[in-house]
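Colleague: Please put up the model, and I will ask about the fold, the cores and the ring contacts.

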Amino acid sequence: MRYTKYFILIALAAFFELGCDQTIQSDYQEQIVVGAFLYAGAPIDSIVLHRTTPLSYYYDDTDYAVKGAQVTVTVDGVVHTLKPLPEKGRYYLPASELIVQGGKTYNLSVVAPNLQNGGVHNISATTTVPMPIHLSGIIDSIHGQTFTLDTNDLSHFAFLVTATTTDASDSRFILSVTALDTSNGRVRKGNLNEDSSLFTRYSQMQTGPAIALTPNLIRWYGPNLMTFYAIDTNWWDYQRQVAGGGSSDYQPSLNHIVGAMGVFASGARDTVSVFIKPKQ
């Protein structure tokens with residue numbers, strides 16, 4: 001899952017209890033880290049649960065992913081029990097059972113074994129899904145089109161897209177650009193390794209309705225998928241903590257999960273695909 005590294009970093013920050021006036025606590029206390037993003041119009045395909053990693057221990061997904069948890073999501077008064085995926089620590093609902101809908105509130109409940117003391121972790125969280133997002137008419141004109149990227153004149157490769165939801169109160173947005181085929185080469189080397197799997201770049205959070213698409217989001221030539229998200233408060237506050245690549249201190253006031261850390265958030269999204277080629 002694309003945010004897994006952030007879950008770990010938040011967990012470590014919380015474990016160290018870093019802060020301006022706090023000292024590092026050396027006694028390990030097992031905590032659960034939740035990672036879940038619900039999308040309007042899609043099933044719940046993955047709620048990820050991990051345990052925090054003790055100081056100096058090597059993190060391994062197999063060791064710290066949580067199995068045997070009871071995970072439920074309640075909406076409209078109906079309780080849905082999630083099923084475990086083959087990969088440890090991941091839980092889902094079949095699309096035939098539930099499709100997430102914009103405007104509805106989803107309540108998460110998790111009961112997970114506490115391996116440190118033999119008890120259980122009781123976890124809860126709530127998210128209200130933004131209404132479906134609709135992009136402006138410019139998207140129809142650029143969908144599937146080819147654009148030339150001149151790395152010597154990047155200032156002219158930038159434009160605004162208007163994104164609105166059917167609920168005007170939802171005005172928080174984020175944009176991502178994903179390279180669908182990297183065989184066409186990298187736009188610029190930067191500091192990324194040649195074998196990097198970081199094919200998706202995310203923008204800073206924006207309050208819309210105009211969203212700026214800038215060239216720094218494009219790392220690869222060839223087909224690119226641009227995804228526009230309207231995000232809920234949970235996602236907004238989560239991004240405020242990981243915007244620096246996970247280097248920010250963990251802030252309990254921005255954590256919207258009771259009994260655990262991480263994120264249980266939701267969004268609505270729309271996409272457009274373009275082809276980027278270099279200037280000859």
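Modeller: What follows is a set of questions and answers on this structure. It is a predicted model, in which local features need pLDDT of at least 70, side-chain atom pairs count only at pLDDT 80 or more, and totals for chains, interfaces and linings use all residues. Residues are numbered from 1 along each chain as its sequence is written, and side-chain values use heavy atoms, with hydrogens and water left out.

Colleague: How many helices and strands does the protein chain have?

Modeller: Helices (H or I, at least four residues) and strands (E, at least two) are DSSP runs, numbered from the N terminus. Of the 280 residues, 45% count as buried, where buried means under 20% relative accessible area, exposed over 50% and partly exposed in between, with a 1.4 Å probe and protein chains only. The count for the chain is 4 helices and 17 strands.

Colleague: Which strands are at the edges of the open sheet of 5 strands?

Modeller: Two strands pair if DSSP finds at least two bridges between them. The order is β4-β3-β7-β8-β16, with antiparallel pairing. Strands that pair on one side only are the edges, namely β4 (78-81) and β16 (257-258).

Colleague: How many bridges join β7 to β8?

Modeller: β7 and β8 form a hairpin with 6 residues between them, and Gly-118 in the turn has a positive phi of about 85°. β7 (residues 105-113) and β8 (residues 120-128) run antiparallel, and the number of bridges is 9.

Colleague: Which residues make up the covered face of β8?

Modeller: In a regular strand the side chains alternate between the two faces of the sheet. The uncovered face of β8 holds Val-120, Asn-122, Ser-124, Thr-126 and Thr-128. Of these, Ser-124 stands opposite Val-258 in β16. The covered face is His-121, Ile-123, Ala-125 and Thr-127.

Colleague: Which residues touch the most other members of the largest nonpolar core?

Modeller: A nonpolar core is a set of buried Ala, Val, Leu, Ile, Met, Phe, Trp, Tyr and Cys residues joined through side-chain atoms within 4.5 Å. β1 (32-39), β2 (47-51), β3 (70-75), β7 and β8 each supply at least two residues of this core. A second, separate core of 17 residues includes Leu-175, Val-177, Leu-217 and Phe-228. In the largest core, of 27 residues, those touching the most other members are Ile-44, Ile-47, Leu-49, Val-71, Tyr-106, Leu-108 and Phe-264.

Colleague: What is Ile-44 in contact with, leaving aside neighbours within four places in sequence?

Modeller: Contact means heavy atoms within 4.5 Å. In the protein chain, residues 24 or more positions apart account for 73% of the contacts with a separation of 6 or more. The partners of Ile-44, beyond four places in sequence, are Leu-38, Val-73, Leu-82, Tyr-92, Leu-93, Leu-98 and Val-100.

Colleague: Is Gly-68 buried or exposed?

Modeller: Gly-68 lies in the loop between α2 (61-64) and β3. Not counting residues up to four places away in sequence, Gly-68 touches Tyr-91 and Pro-113. Its relative accessibility is 65%, so Gly-68 counts as exposed.

Colleague: Why is the pair of Tyr-39 and Trp-235 edge-to-face?

Modeller: Rings of Phe, Tyr and Trp (its six-membered ring) pair if their centres lie within 6.5 Å; planes under 30 degrees apart count as stacked, over 60 as edge-to-face and the rest as tilted. Tyr-39 in strand β1 and Trp-235 in helix α4 (residues 233-242) are 196 residues apart, and both are buried. Their ring centres are 6.1 Å apart, and the pair is edge-to-face because the planes are at 70°.

Colleague: Which residues do ring pairs link into a cluster?

Modeller: The structure holds 6 aromatic pairs. Tyr-229 and Trp-235 form a tilted one, 5.4 Å centre to centre with 55° between the planes. The linked residues are Phe-37, Tyr-39, Tyr-229, Trp-235 and Tyr-238.

Colleague: Which residue has its charged end over the ring of Tyr-39?

Modeller: A charge sits over a ring if NZ of Lys or CZ of Arg is within 6 Å of the ring centre and within 35 degrees of the ring normal. Here the charged end is 3.7 Å from the centre of the ring, and the residue is Arg-269.

Colleague: How many of the 10 residues of α4 are buried?

Modeller: The buried residues of α4 are Asn-234, Trp-235, Trp-236, Asp-237, Tyr-238, Gln-239, Gln-241 and Val-242. The helix is mostly covered, and the number buried is 8.
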